[in-house]
Amino acid sequence: MLSADEAADLIEAIASRQDRAAFAALFRHYAPRVKAFIMRGGADAEAAQEIAQEALIMVWRKAASFDRSRASAGTWIYTIARNKRIDLLRRTGRPPIDTEDWLTTFHPEPDDPDKSVLAGQTYTRVQELLGGLSTDQLIVIRMAFFEDKTHTAIAEELKLPLGTVKSRIRLALGRLRDALEKENEP
Amino acid sequence: MSRHPAPEELLLDYASGALAEGPALAVALHVALDPAARRLVERLGALGGALMETEGDAALDPAVLERTLARLGDVPVEPRPAPYVPRPGFEWAPPPLARYLRPNLRWRRVLGGFEEMRLSTHDAAHQISLLRLMPGRGLPVHRHAGTEHTVVLQGGYTDSTGNFGVGDFTMGPDSEHEPIADPGDPCIALIVLEKPIVLTGPIGRWMNPLVGRGWL
(Lines give C-alpha, C1' and ligand atoms only; values in the text may rest on other atoms or scores of the structure.)
Protein backbone atom coordinates (compact mmCIF):
# COMPACT_ATOMS: atom_id res chain seq x y z
CA MET A 1 0.00 0.00 0.00
CA LEU A 2 0.98 3.58 -0.59
CA SER A 3 0.15 6.17 2.07
CA ALA A 4 -1.17 9.60 1.08
CA ASP A 5 2.13 11.18 2.16
CA GLU A 6 4.20 8.69 0.21
CA ALA A 7 2.13 9.26 -2.92
CA ALA A 8 2.49 13.04 -2.54
CA ASP A 9 6.28 12.62 -2.12
CA LEU A 10 6.40 10.66 -5.38
CA ILE A 11 4.50 13.33 -7.32
CA GLU A 12 6.80 16.02 -5.92
CA ALA A 13 9.85 13.95 -6.94
CA ILE A 14 8.53 13.95 -10.51
CA ALA A 15 7.98 17.71 -10.37
CA SER A 16 11.39 18.58 -8.93
CA ARG A 17 13.68 16.10 -10.73
CA GLN A 18 11.66 14.16 -13.33
CA ASP A 19 12.14 11.06 -11.17
CA ARG A 20 11.24 8.01 -13.24
CA ALA A 21 11.50 5.59 -10.33
CA ALA A 22 8.92 7.71 -8.49
CA PHE A 23 6.71 7.59 -11.58
CA ALA A 24 7.03 3.80 -11.77
CA ALA A 25 5.99 3.47 -8.12
CA LEU A 26 2.96 5.71 -8.67
CA PHE A 27 2.08 3.80 -11.81
CA ARG A 28 2.20 0.41 -10.07
CA HIS A 29 -0.19 1.66 -7.41
CA TYR A 30 -2.58 3.82 -9.40
CA ALA A 31 -2.70 2.46 -12.96
CA PRO A 32 -4.53 -0.76 -11.91
CA ARG A 33 -6.94 1.29 -9.77
CA VAL A 34 -7.68 3.74 -12.56
CA LYS A 35 -8.23 0.80 -14.91
CA ALA A 36 -10.68 -0.84 -12.48
CA PHE A 37 -12.49 2.49 -11.98
CA ILE A 38 -12.86 3.03 -15.73
CA MET A 39 -14.03 -0.55 -16.29
CA ARG A 40 -16.69 -0.05 -13.60
CA GLY A 41 -18.16 2.61 -15.85
CA GLY A 42 -18.61 0.06 -18.65
CA ALA A 43 -15.40 0.46 -20.67
CA ASP A 44 -13.72 -2.71 -21.93
CA ALA A 45 -10.37 -3.79 -20.49
CA GLU A 46 -8.37 -2.55 -23.44
CA ALA A 47 -9.89 0.95 -23.45
CA ALA A 48 -9.61 1.13 -19.65
CA GLN A 49 -5.94 0.19 -19.84
CA GLU A 50 -5.33 2.91 -22.41
CA ILE A 51 -7.08 5.48 -20.24
CA ALA A 52 -5.06 4.38 -17.20
CA GLN A 53 -1.86 4.79 -19.19
CA GLU A 54 -2.90 8.23 -20.51
CA ALA A 55 -3.99 9.35 -17.03
CA LEU A 56 -0.63 8.42 -15.51
CA ILE A 57 1.21 10.23 -18.31
CA MET A 58 -0.89 13.28 -17.44
CA VAL A 59 0.22 12.88 -13.81
CA TRP A 60 3.81 13.11 -15.10
CA ARG A 61 3.10 16.19 -17.26
CA LYS A 62 1.15 18.07 -14.61
CA ALA A 63 3.15 17.00 -11.54
CA ALA A 64 4.25 20.59 -10.85
CA SER A 65 0.58 21.66 -10.56
CA PHE A 66 -0.01 19.25 -7.70
CA ASP A 67 -0.25 20.89 -4.29
CA ARG A 68 -0.39 18.51 -1.36
CA SER A 69 -1.78 21.18 0.94
CA ARG A 70 -4.91 21.39 -1.21
CA ALA A 71 -5.64 17.87 -2.37
CA SER A 72 -4.46 14.38 -1.63
CA ALA A 73 -2.65 12.47 -4.39
CA GLY A 74 -5.62 10.10 -4.71
CA THR A 75 -8.09 12.95 -5.19
CA TRP A 76 -5.89 14.60 -7.76
CA ILE A 77 -5.32 11.40 -9.71
CA TYR A 78 -9.04 10.63 -9.55
CA THR A 79 -9.84 13.98 -11.20
CA ILE A 80 -7.29 13.27 -13.93
CA ALA A 81 -8.75 9.79 -14.53
CA ARG A 82 -12.27 11.23 -14.61
CA ASN A 83 -11.18 13.75 -17.23
CA LYS A 84 -9.62 11.01 -19.32
CA ARG A 85 -12.88 9.10 -19.13
CA ILE A 86 -14.69 12.17 -20.43
CA ASP A 87 -12.18 12.27 -23.29
CA LEU A 88 -13.10 8.69 -24.12
CA LEU A 89 -16.81 9.54 -24.11
CA ARG A 90 -16.10 12.49 -26.38
CA ARG A 91 -14.89 10.05 -28.98
CA THR A 92 -18.10 8.10 -28.59
CA GLY A 93 -20.39 11.04 -29.25
CA ARG A 94 -20.70 13.01 -26.01
CA PRO A 95 -20.16 16.76 -26.19
CA PRO A 96 -16.51 17.31 -25.35
CA ILE A 97 -15.21 19.53 -22.60
CA ASP A 98 -11.75 20.91 -22.11
CA THR A 99 -10.34 18.52 -19.59
CA GLU A 100 -7.39 20.63 -18.58
CA ASP A 101 -9.79 23.34 -17.61
CA TRP A 102 -11.42 20.95 -15.18
CA LEU A 103 -8.09 20.30 -13.59
CA THR A 104 -7.69 24.00 -13.00
CA THR A 105 -11.13 24.42 -11.55
CA PHE A 106 -10.40 21.65 -9.11
CA HIS A 107 -7.52 23.69 -7.78
CA PRO A 108 -8.73 26.19 -5.22
CA GLU A 109 -7.34 29.72 -5.47
CA PRO A 110 -4.27 30.51 -3.37
CA ASP A 111 -6.25 32.93 -1.19
CA ASP A 112 -8.77 30.28 -0.14
CA PRO A 113 -8.44 30.28 3.65
CA ASP A 114 -10.03 26.86 3.96
CA LYS A 115 -7.40 24.69 2.38
CA SER A 116 -5.87 21.39 3.38
CA VAL A 117 -9.34 20.05 4.09
CA LEU A 118 -8.64 17.22 1.74
CA ALA A 119 -5.03 16.55 2.45
CA GLY A 120 -3.57 13.95 4.77
CA GLN A 121 -5.84 11.45 6.36
CA THR A 122 -9.06 12.43 4.61
CA TYR A 123 -9.22 9.03 2.96
CA THR A 124 -9.58 7.31 6.27
CA ARG A 125 -12.49 9.60 7.08
CA VAL A 126 -14.12 9.20 3.71
CA GLN A 127 -13.75 5.45 3.89
CA GLU A 128 -15.36 5.44 7.32
CA LEU A 129 -18.10 7.57 5.86
CA LEU A 130 -18.69 5.15 3.01
CA GLY A 131 -19.06 2.37 5.56
CA GLY A 132 -21.70 4.44 7.36
CA LEU A 133 -23.96 5.20 4.39
CA SER A 134 -27.18 3.30 3.90
CA THR A 135 -27.30 0.85 1.00
CA ASP A 136 -29.73 3.16 -0.83
CA GLN A 137 -27.40 6.14 -0.47
CA LEU A 138 -24.35 4.12 -1.46
CA ILE A 139 -26.01 2.83 -4.64
CA VAL A 140 -26.75 6.37 -5.80
CA ILE A 141 -23.27 7.68 -4.93
CA ARG A 142 -21.56 4.77 -6.65
CA MET A 143 -23.65 5.18 -9.78
CA ALA A 144 -22.72 8.86 -9.89
CA PHE A 145 -18.99 8.29 -9.58
CA PHE A 146 -18.49 5.00 -11.35
CA GLU A 147 -21.08 5.17 -14.07
CA ASP A 148 -20.80 8.87 -14.72
CA LYS A 149 -24.57 9.41 -14.58
CA THR A 150 -26.44 12.56 -13.66
CA HIS A 151 -28.90 12.35 -10.75
CA THR A 152 -31.70 12.58 -13.33
CA ALA A 153 -30.33 9.58 -15.25
CA ILE A 154 -29.91 7.67 -11.98
CA ALA A 155 -33.55 8.32 -11.04
CA GLU A 156 -34.67 7.07 -14.45
CA GLU A 157 -32.54 3.97 -14.28
CA LEU A 158 -33.62 3.06 -10.74
CA LYS A 159 -37.23 4.00 -11.58
CA LEU A 160 -37.32 6.29 -8.55
CA PRO A 161 -38.91 9.73 -8.21
CA LEU A 162 -36.33 12.48 -8.78
CA GLY A 163 -37.02 13.83 -5.28
CA THR A 164 -36.07 10.50 -3.71
CA VAL A 165 -32.73 10.45 -5.50
CA LYS A 166 -32.08 14.09 -4.56
CA SER A 167 -32.77 13.44 -0.90
CA ARG A 168 -30.50 10.37 -0.88
CA ILE A 169 -27.71 12.45 -2.40
CA ARG A 170 -28.24 15.28 0.07
CA LEU A 171 -28.23 12.92 3.05
CA ALA A 172 -25.03 11.27 1.83
CA LEU A 173 -23.35 14.64 1.22
CA GLY A 174 -24.45 15.87 4.64
CA ARG A 175 -22.63 12.92 6.15
CA LEU A 176 -19.60 13.65 4.00
CA ARG A 177 -19.56 17.20 5.30
CA ASP A 178 -19.92 16.08 8.92
CA ALA A 179 -17.15 13.52 8.52
CA LEU A 180 -14.72 16.03 7.02
CA GLU A 181 -15.57 18.84 9.38
CA LYS A 182 -14.81 16.59 12.32
CA GLU A 183 -11.33 16.24 10.87
CA ASN A 184 -10.68 19.97 11.10
CA GLU A 185 -11.38 20.09 14.80
CA PRO A 186 -8.31 20.16 17.01
CA MET B 1 -21.68 31.53 0.82
CA SER B 2 -23.91 32.78 -1.91
CA ARG B 3 -27.55 33.42 -1.21
CA HIS B 4 -28.52 31.35 -4.23
CA PRO B 5 -26.26 28.29 -4.31
CA ALA B 6 -26.36 25.53 -6.91
CA PRO B 7 -28.26 22.45 -5.69
CA GLU B 8 -25.99 19.80 -4.18
CA GLU B 9 -27.09 17.08 -6.58
CA LEU B 10 -25.97 19.30 -9.47
CA LEU B 11 -22.57 19.75 -7.81
CA LEU B 12 -22.35 15.96 -7.61
CA ASP B 13 -23.18 15.71 -11.35
CA TYR B 14 -20.41 18.24 -11.98
CA ALA B 15 -17.84 16.56 -9.73
CA SER B 16 -18.45 13.14 -11.25
CA GLY B 17 -18.03 14.54 -14.76
CA ALA B 18 -21.59 13.76 -15.87
CA LEU B 19 -22.65 17.23 -17.07
CA ALA B 20 -22.64 18.40 -20.68
CA GLU B 21 -20.29 21.27 -21.50
CA GLY B 22 -22.80 24.13 -21.11
CA PRO B 23 -24.16 23.26 -17.67
CA ALA B 24 -20.63 22.18 -16.61
CA LEU B 25 -19.34 25.66 -17.47
CA ALA B 26 -22.17 27.31 -15.50
CA VAL B 27 -21.39 25.16 -12.45
CA ALA B 28 -17.62 25.70 -12.88
CA LEU B 29 -18.14 29.50 -12.74
CA HIS B 30 -20.40 29.23 -9.69
CA VAL B 31 -17.81 27.00 -8.01
CA ALA B 32 -15.05 29.50 -8.87
CA LEU B 33 -17.02 32.33 -7.22
CA ASP B 34 -18.56 30.56 -4.23
CA PRO B 35 -16.19 29.15 -1.55
CA ALA B 36 -18.91 26.90 -0.05
CA ALA B 37 -19.64 25.27 -3.41
CA ARG B 38 -15.91 24.92 -4.00
CA ARG B 39 -15.42 23.15 -0.68
CA LEU B 40 -18.22 20.73 -1.47
CA VAL B 41 -16.81 19.99 -4.94
CA GLU B 42 -13.38 19.41 -3.41
CA ARG B 43 -14.91 17.02 -0.90
CA LEU B 44 -16.70 15.24 -3.71
CA GLY B 45 -13.32 14.91 -5.42
CA ALA B 46 -12.00 13.28 -2.24
CA LEU B 47 -15.01 10.97 -2.23
CA GLY B 48 -14.37 10.00 -5.85
CA GLY B 49 -10.71 9.42 -5.01
CA ALA B 50 -11.59 7.25 -2.03
CA LEU B 51 -14.05 5.24 -4.12
CA MET B 52 -11.36 4.71 -6.74
CA GLU B 53 -8.77 3.69 -4.11
CA THR B 54 -11.02 1.21 -2.39
CA GLU B 55 -12.62 -0.34 -5.43
CA GLY B 56 -9.67 -2.65 -5.94
CA ASP B 57 -7.43 -2.94 -8.94
CA ALA B 58 -7.66 -4.52 -12.36
CA ALA B 59 -4.87 -6.73 -13.68
CA LEU B 60 -2.45 -4.72 -15.76
CA ASP B 61 0.02 -6.20 -18.22
CA PRO B 62 3.51 -5.42 -16.75
CA ALA B 63 4.66 -4.46 -20.25
CA VAL B 64 2.36 -1.41 -20.05
CA LEU B 65 4.60 0.19 -17.45
CA GLU B 66 7.65 -0.40 -19.65
CA ARG B 67 5.87 1.09 -22.68
CA THR B 68 4.74 4.07 -20.62
CA LEU B 69 8.22 4.70 -19.23
CA ALA B 70 9.58 4.57 -22.79
CA ARG B 71 7.16 7.36 -23.79
CA LEU B 72 8.14 9.72 -20.97
CA GLY B 73 11.21 10.95 -22.86
CA ASP B 74 8.86 12.78 -25.23
CA VAL B 75 6.66 14.18 -22.47
CA PRO B 76 8.08 17.18 -20.60
CA VAL B 77 7.11 17.83 -16.99
CA GLU B 78 5.35 21.17 -17.42
CA PRO B 79 6.23 24.10 -15.16
CA ARG B 80 3.71 25.16 -12.54
CA PRO B 81 1.09 27.29 -14.32
CA ALA B 82 1.28 31.04 -13.78
CA PRO B 83 -1.50 32.60 -11.67
CA TYR B 84 -4.56 33.56 -13.68
CA VAL B 85 -4.63 37.15 -14.92
CA PRO B 86 -7.90 38.22 -16.57
CA ARG B 87 -7.76 39.87 -19.96
CA PRO B 88 -8.20 43.68 -19.98
CA GLY B 89 -11.92 44.40 -20.27
CA PHE B 90 -12.77 40.96 -18.87
CA GLU B 91 -11.84 41.49 -15.23
CA TRP B 92 -15.16 39.91 -14.24
CA ALA B 93 -14.33 36.60 -15.93
CA PRO B 94 -13.38 33.77 -13.53
CA PRO B 95 -10.64 31.37 -14.75
CA PRO B 96 -12.93 28.64 -16.19
CA LEU B 97 -14.34 31.18 -18.65
CA ALA B 98 -10.96 32.29 -20.01
CA ARG B 99 -10.66 29.67 -22.74
CA TYR B 100 -14.06 30.64 -24.17
CA LEU B 101 -13.15 34.32 -24.58
CA ARG B 102 -11.91 34.42 -28.14
CA PRO B 103 -9.81 37.44 -29.16
CA ASN B 104 -12.52 38.95 -31.40
CA LEU B 105 -15.35 38.61 -28.87
CA ARG B 106 -17.35 41.87 -28.53
CA TRP B 107 -20.57 42.95 -26.83
CA ARG B 108 -23.33 43.04 -29.42
CA ARG B 109 -26.51 45.05 -28.89
CA VAL B 110 -29.65 42.96 -29.04
CA LEU B 111 -33.24 44.12 -29.54
CA GLY B 112 -34.72 44.56 -26.09
CA GLY B 113 -31.97 46.77 -24.67
CA PHE B 114 -29.22 44.44 -23.59
CA GLU B 115 -25.94 43.20 -24.96
CA GLU B 116 -24.76 39.72 -25.68
CA MET B 117 -21.61 37.73 -26.34
CA ARG B 118 -22.37 34.33 -27.81
CA LEU B 119 -19.80 31.72 -26.77
CA SER B 120 -19.00 28.89 -29.10
CA THR B 121 -18.71 25.44 -27.60
CA HIS B 122 -18.96 21.83 -28.69
CA ASP B 123 -22.23 21.42 -26.82
CA ALA B 124 -24.94 21.35 -29.49
CA ALA B 125 -27.75 20.88 -26.95
CA HIS B 126 -27.15 24.20 -25.19
CA GLN B 127 -26.82 27.82 -26.19
CA ILE B 128 -24.21 29.60 -24.08
CA SER B 129 -24.16 33.40 -23.86
CA LEU B 130 -22.91 36.21 -21.72
CA LEU B 131 -25.52 38.95 -21.25
CA ARG B 132 -24.83 42.50 -20.08
CA LEU B 133 -27.58 44.72 -18.71
CA MET B 134 -27.06 48.37 -17.79
CA PRO B 135 -28.30 49.39 -14.30
CA GLY B 136 -32.09 49.76 -14.23
CA ARG B 137 -32.54 47.99 -17.55
CA GLY B 138 -34.45 44.77 -17.82
CA LEU B 139 -34.75 41.74 -20.01
CA PRO B 140 -38.07 41.29 -21.81
CA VAL B 141 -40.55 39.19 -19.81
CA HIS B 142 -39.81 35.63 -20.75
CA ARG B 143 -40.30 32.07 -19.68
CA HIS B 144 -37.99 29.17 -20.31
CA ALA B 145 -38.94 26.42 -22.68
CA GLY B 146 -36.03 24.27 -21.52
CA THR B 147 -33.74 24.30 -18.51
CA GLU B 148 -31.83 27.53 -18.04
CA HIS B 149 -28.69 27.88 -15.90
CA THR B 150 -27.67 31.39 -14.87
CA VAL B 151 -24.59 32.59 -12.97
CA VAL B 152 -24.05 36.26 -12.13
CA LEU B 153 -20.46 37.37 -12.84
CA GLN B 154 -20.71 41.12 -12.15
CA GLY B 155 -23.28 43.44 -10.60
CA GLY B 156 -26.66 41.93 -9.83
CA TYR B 157 -30.30 41.73 -10.81
CA THR B 158 -33.66 41.52 -9.13
CA ASP B 159 -36.81 39.76 -10.26
CA SER B 160 -39.98 38.54 -8.56
CA THR B 161 -38.06 35.59 -7.06
CA GLY B 162 -35.38 37.67 -5.35
CA ASN B 163 -32.09 39.49 -5.67
CA PHE B 164 -29.10 37.86 -7.32
CA GLY B 165 -25.47 38.95 -6.91
CA VAL B 166 -22.03 37.78 -8.03
CA GLY B 167 -21.69 34.01 -7.83
CA ASP B 168 -25.42 33.38 -7.43
CA PHE B 169 -26.76 30.45 -9.41
CA THR B 170 -30.26 29.79 -10.68
CA MET B 171 -31.70 26.96 -12.66
CA GLY B 172 -35.02 26.81 -14.51
CA PRO B 173 -37.51 25.82 -15.85
CA ASP B 174 -39.24 28.50 -13.93
CA SER B 175 -42.30 30.70 -14.03
CA GLU B 176 -42.19 33.85 -16.13
CA HIS B 177 -39.73 36.39 -14.86
CA GLU B 178 -38.53 39.87 -15.73
CA PRO B 179 -35.05 40.53 -14.36
CA ILE B 180 -33.95 44.16 -13.82
CA ALA B 181 -30.27 45.05 -13.35
CA ASP B 182 -29.37 46.53 -9.95
CA PRO B 183 -27.74 49.96 -9.55
CA GLY B 184 -23.94 50.03 -9.73
CA ASP B 185 -21.86 48.08 -12.21
CA PRO B 186 -23.65 46.68 -15.27
CA CYS B 187 -25.00 43.19 -14.59
CA ILE B 188 -23.09 40.48 -16.47
CA ALA B 189 -24.30 36.89 -16.33
CA LEU B 190 -23.61 33.61 -18.05
CA ILE B 191 -26.79 32.06 -19.43
CA VAL B 192 -26.90 28.44 -20.53
CA LEU B 193 -30.12 27.59 -22.32
CA GLU B 194 -31.27 24.13 -23.16
CA LYS B 195 -33.62 25.45 -25.82
CA PRO B 196 -34.40 28.97 -27.01
CA ILE B 197 -36.49 30.85 -24.45
CA VAL B 198 -40.03 31.88 -25.37
CA LEU B 199 -40.82 35.57 -24.92
CA THR B 200 -44.29 36.25 -23.56
CA GLY B 201 -44.57 40.04 -23.15
CA PRO B 202 -46.20 42.20 -25.88
CA ILE B 203 -42.84 43.11 -27.42
CA GLY B 204 -41.48 39.72 -26.58
CA ARG B 205 -44.10 37.91 -28.64
CA TRP B 206 -43.11 40.03 -31.58
CA MET B 207 -39.50 39.04 -30.95
CA ASN B 208 -40.18 35.31 -30.93
CA PRO B 209 -39.45 34.82 -34.62
CA LEU B 210 -36.05 36.43 -33.96
CA VAL B 211 -35.50 34.09 -31.05
CA GLY B 212 -36.31 31.19 -33.28
CA ARG B 213 -33.53 32.31 -35.58
CA GLY B 214 -31.11 32.26 -32.70
CA TRP B 215 -31.07 35.97 -31.92
CA LEU B 216 -31.34 35.50 -28.21
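A charge is taken to sit over a ring if NZ of Lys or CZ of Arg is within 6 Å of the ring centre and within 35 degrees of the ring normal. In this predicted model, local features need pLDDT of at least 70 and side-chain atom pairs count only at pLDDT 80 or more, whereas totals for chains, interfaces and linings use all residues. Side-chain values use heavy atoms, with hydrogens and water left out, residues are numbered from 1 along each chain as its sequence is written, and chains are lettered from A and ligands numbered from 1 in the order in which they are written.

Arg40(A) lies over the face of Phe146(A), at 5.8 Å from the ring centre, and Phe146(A) is also linked by ring pairs with Phe37(A), Tyr78(A) and Phe145(A) into a cluster. In chain B, Arg99(B) lies over the face of Tyr100(B), at 4.5 Å from the ring centre.

Over all chains, the structure holds 9 aromatic pairs, where rings of Phe, Tyr and Trp (its six-membered ring) pair if their centres lie within 6.5 Å, and planes under 30 degrees apart count as stacked, over 60 as edge-to-face and the rest as tilted. The rings of Phe23(A) and Phe27(A) have centres 6.0 Å apart and planes at 45°, so this pair is tilted. Phe23(A) and Phe27(A) stand 4 residues apart in helix α2 (residues 20-40) of chain A, and are therefore separated by about one helical turn; helices are DSSP runs (H or I, at least four residues), numbered from the N terminus. Both Phe23(A) and Phe27(A) are buried, a term that means under 20% relative accessible area (1.4 Å probe, protein chains only), with exposed over 50% and partly exposed in between.

By contrast with the tilted arrangement, Tyr157(B) and Phe164(B) form a stacked aromatic pair, with 4.8 Å centre to centre and 20° between the planes. Tyr157(B) is buried, at a relative accessible area of 7%, and Phe164(B) is buried at 4%.

Conventions: Helix = DSSP H or I, 4+ residues; strand = E, 2+ residues; numbered from the N terminus.
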